Amino acid sequence: MTTPALVVSASPHLRAKDTTPRIMWTVAASLAPIVLAGTWFFGVSALLVIAAAAAGAMITERLLGKSGSIWDGSAAITGVLLGLTLPAGLPLWMAMLGGAFGIGFGKMLFGGLGQNVFNPALIGRAFLQASFPVPMTTWPTVGDAWWSLRGDNFAFPFTHPVTLDGLTAATPLGLLKFEGQGTSITSLLIGNTTGSIGETSVVLILLCGAWLVWRGLMNWRIPVAIFATVAAVSAALHAVRPSAPGALFMLCSGGLALGSVYMATDPVTAPVTRNGRWIFGAGIGVLVVMIRVWGGLPEGVMYAILLMNAFTPFINKGTQPRVFGTGRRAPT
Amino acid sequence: MLEKLGFRHGVHPPERKELTSGLPIRRMPFPGEVVLPLRQHAGKPAVLVVKKGDHVERGDPVGTADGWMSVPIHSSAAGTVTGVEWWPHIDGTMALSVRIAVDRYALQLPRPRLVPHWEGLATTEVVKAVQEAGVVGLGGAAFPTHVKLVPPANTRIETLLVNGAECEPYLTSDHRVMVEYPARVLYGVRVMMGALGVSRTVIGIERNKPDAIEALRAAIPTDLDVSVLPLTVKYPQGAEKMLIKSVTGVEVPSGKLPASVGVLVQNVGSVAAIAEVFETGLPLIERIVTVSGRGVHTPANLIVPVGTKLRDVIEYCGGITEDAGQVIVGGPMMGLAQANLDAPVTKGTTGIVVLAQSEMRGPEVYPCIHCGRCLDACPVFLNPSALGEYAMRERYEDMEPLHLADCMLCGSCSFVCPSNIPLSQLFSFSKAGLRKRKAAVA
C-alpha cells in the first residue's frame, strides 16, 4: 500500500461549520435590507454615504492590516455600520474619513481584529461628531424620490457644505427634546422619520437581528437587556415625571434599535460571559436613558455603548463562570 | 425539584456512526508480524521478559507488570521474537517494543491454562487475576483496570456506572460489543459488583444506540440490580464526570475522583474484557477496533490482535482512498493523527478513522473575536477564550486560578471556535508547561 502524505494535526480533527469570515460576511449581508430601506427613505445619497464609509474602512484595513485581513469581512461591517449611523446629506469625504478613522484609530492601533476595546464604527462616528458637528446633525427629510440626492454629498474636502434649509428637519428625539413635539409610534416603527440612514426603521432592524439570532450568529442577551432596561427605567421616570418620554417612544426612537442589535453585540467589544452580557446590556440601557433625559444631546446610544465598551474587561473579570464541581452545586 | 438528568453545554459533532454501526464484529486474520510496545497503558511500562530468538505462544507474557500501577503485556500471536527495538508508537513517540514474527502455520491456540472461578476468590485474588490478564480501560485512556477495583481508602463505592455512551463520532466498537455480547457484559458486571461489594449498577448508553439498549435490557439477570439508562446524544457524554452528572445528577468536585461521590465508572469494553478473563482465562491480547471514515474503502468492526500495525489493519479494510488525508487513532474529537502507519494497535485503540481531505480542518487561524461559543461549549464551564489568551502568551501561572487543571482536553472549545484556534492543544501544552515550571521551582 502506498501511503499518501498524511496530515498530522492536533485533535479535535473535526470542526463546526461557522468560520469567522463566514460569520462576518453573513452579518454584513444581513444589513442589506436596512441599506435598501435607507436608500428608499433618503435617496441615492444614503447609498453613496454608506459606500464612502465602507470604502474608507476597507482601504484603511487593506493598508494597515495584516495581509488578507480585508477578506475576513470585519472591516466591511464596520464601514457599512458607520454609514448607517450617518445623515444622508453628509459630504462623502467626511464619511470616508470616518471609516478610515474608525478602522485606523479604533481598531488597527489596538492590534487589529479582536484586540480593539471600542466599537470601531462608533469610534468613527464619535470622531465625525466631534469634528463636524453641524453636518453631522443636519438631517434631510424623508419623502422625496429614492433616486434623488439630499444635502451636499459632493462638497469638496475641507470646504463648508451647503445645506438647503427647507429640506432638513429635526429627528424625533430632537423634536421632543427641543420643541416638545411628539412623533407617532407607527412612523417610528416603519422608519419614515428623519434620522441617520439606517436607524429609522425599527421593525426592519429587529427582523434582521432576529434572523441573525436564529442563525446562531448573534447574541440575543445584550439587545434584550438593553430594551428591557430602557423600557423599565424610562417607564419609571415617566411615572414620576410625565414630561419625560414614555417607554415605547424611548424604545422606538433614535439609534436604540440599530445600536442595540448591531453595535452593542459586536463580540469583540462586548463581554464574553453570559452574565457579563446581561450586565453590559443593562448598563447601556441605563446610560441611554440618562443621556437622553438629562444630557445636553437628544441621543445617547453611541456614548452609552462606547462607555460600556470601556467596562468590558472588568465585567469579564467579575463574571467568570462557575467551574464544574466547584461552588454550592458541588458536594463537599 | 428533581434536577433534570443530563449535563450542561457540550457540542454536537456529526456522528457518522452509520458507516459501521450495523456491521457485525469480524475477526481479522493474523498479520505477518506483531509489534508489542511495553508501554500501552497509563502508569509504568511493563518489564521485558523475552529476548531475541525466543519462541512465544499466543497469550504468553512478553513483559510483566512493574509494580501496582502497571500491567503485563502478552503476545497476541504465536511466533518468534525477532528483536526488541524502539518502534513508532501511536502517540507519536518511539517506544521500546517487542517484534514478533507470527508463525504462519501455528494453530494460534493459547497454552492450556486454569480459568479462575471468581466466585470462590477473595477480592484481592480477583484484582490479581485482572492485573495478570493485563486488563486496562478500553475506552482509550488505558488506565489499569485492577487499580480501579481497589477504591482509595475511606471512600465507599455505591454505584457501578458502566460507560456505553461512546460519544466520539465514527466509533462503534462499544456499540457492537453491547449488541453482540450482552451476556458477556453482564457477566463482567457481576464480577465487578462482587469484587467491589456494590449493590447497584447503571449502564449509560446514548439514545442513538437503541439496539444496544434493548439487547442489554433483555440480558439483565433477575438477581442483579442493574438498569440501563438511555442518555442524550451529546459530546462528551462519555466523559467520566459528564456521565456521572447525567446519571446521578451530582457534580464530581473539582480535583476529586469519582469515588468521592461513591461512583466507579468502567467502560463497557473493559467490563467485557474482565468477563473474558474469567470465562476463558485469556489475557487481553486482542480488542475490537472500528475502522471507519470516508478515507477507507471498506469500513468494519474488527477483532484485531494487539500489536497489529495500522497499515495491516487498513490494508485488510481495502486500503485508503485517493482523497484520504488523515489517519486518526481513536475518535476524531480526541484521537491522535498518525504520521507513521507502522505504529501498532495498542490495548487502548478504540478505532482507526481515516478522514478524507475535504473533511479535515483547514490550517487558517483567525484572531479570537470573543464570540463566547467556547464558553457555551465547555462541559466543565471554563472560559477557554480567556485561557487561550494566557496560553498564547505562555502565562501558565495565570491559568491556574482559571481552573486549567479541570480541563479534560475534550476539544469541544476547538470544535466550535469559528477562528479555528487550537484551544485544547494550547491547554495540553499549558498543562505540561505549568508542570515543568513548577518542577523547576521545586
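In this predicted model, six bridges join strand β10 of chain B to strand β11 (residues 226-231) of chain B, and the two strands run parallel. This pairing belongs to a right-handed β-α-β unit made by β10(B), helix α5 (residues 210-219) of chain B and β11(B).

- Strand β10(B) covers residues 200-206, and five of its seven residues are buried, so the strand is largely enclosed by the rest of the structure.

**Chain B as a whole**

- The secondary structure of chain B consists of 13 helices and 17 strands.
- Chain B has a radius of gyration of 22 Å, close to the 22 Å that the globule rule gives for 442 residues, so the chain is as compact as a globular protein of that length.
- Taken along the principal axes, the box filled by the C-alpha atoms of chain B is roughly 60 × 50 × 50 Å.
- Buried residues account for 56% of the 442 residues of chain B.
- Of the contacts in chain B between residues at least 6 apart in sequence, 72% join residues at least 24 apart.

**Contact between chains A and B**

- Chain A places 37 residues in contact with 55 residues of chain B.
- On the side of chain A that touches chain B, 19 residues are nonpolar, 13 are polar and five are charged.

**Domains of chain A**

- Chain A is divided into domain 1 (19-168) and domain 2 (170-317).
- The C-alpha centres of domain 1 of chain A and domain 2 of chain A are 20 Å apart.
- Their contact takes 33 residues from domain 1 of chain A and 32 residues from domain 2 of chain A.
- On the side of domain 1 of chain A that touches domain 2 of chain A, the elements giving two or more residues are α1 (20-30), α2 (32-42), α3 (44-64), α4 (74-84) and α6 (120-131) of chain A.
- Helix α2(A) gives the largest share of this side of domain 1 of chain A, with seven residues.
- By residue class, the side of domain 1 of chain A that touches domain 2 of chain A comprises 23 nonpolar, nine polar and one charged.

Note on methods
Residues are numbered from 1 along each chain as its sequence is written. Chains are lettered from A and ligands numbered from 1 in the order in which they are written. This is a predicted model: local features need pLDDT of at least 70, side-chain atom pairs count only at pLDDT 80 or more; totals for chains, interfaces and linings use all residues. Domain bounds come from an automatic or database domain assignment. Two residues are in contact if their C-beta atoms, placed from the backbone, lie within 7 Å. Helices (H or I, at least four residues) and strands (E, at least two) are DSSP runs, numbered from the N terminus. Ala, Val, Leu, Ile, Met, Phe, Trp, Tyr, Cys and Pro count as nonpolar, Asp, Glu, Lys and Arg as charged, and the others, Gly among them, as polar. The radius of gyration is taken over C-alpha atoms; the globule rule is 2.2 Å times the number of residues to the power 0.38. A residue is buried if 20 or more other C-beta atoms lie within 10 Å of its own, exposed if 12 or fewer, and partly exposed in between; C-beta atoms are placed from the backbone. Two strands pair if DSSP finds at least two bridges between them. A crossover is right-handed if, with the strands pointing away from the viewer, the path from the first strand over the helix to the second runs clockwise.
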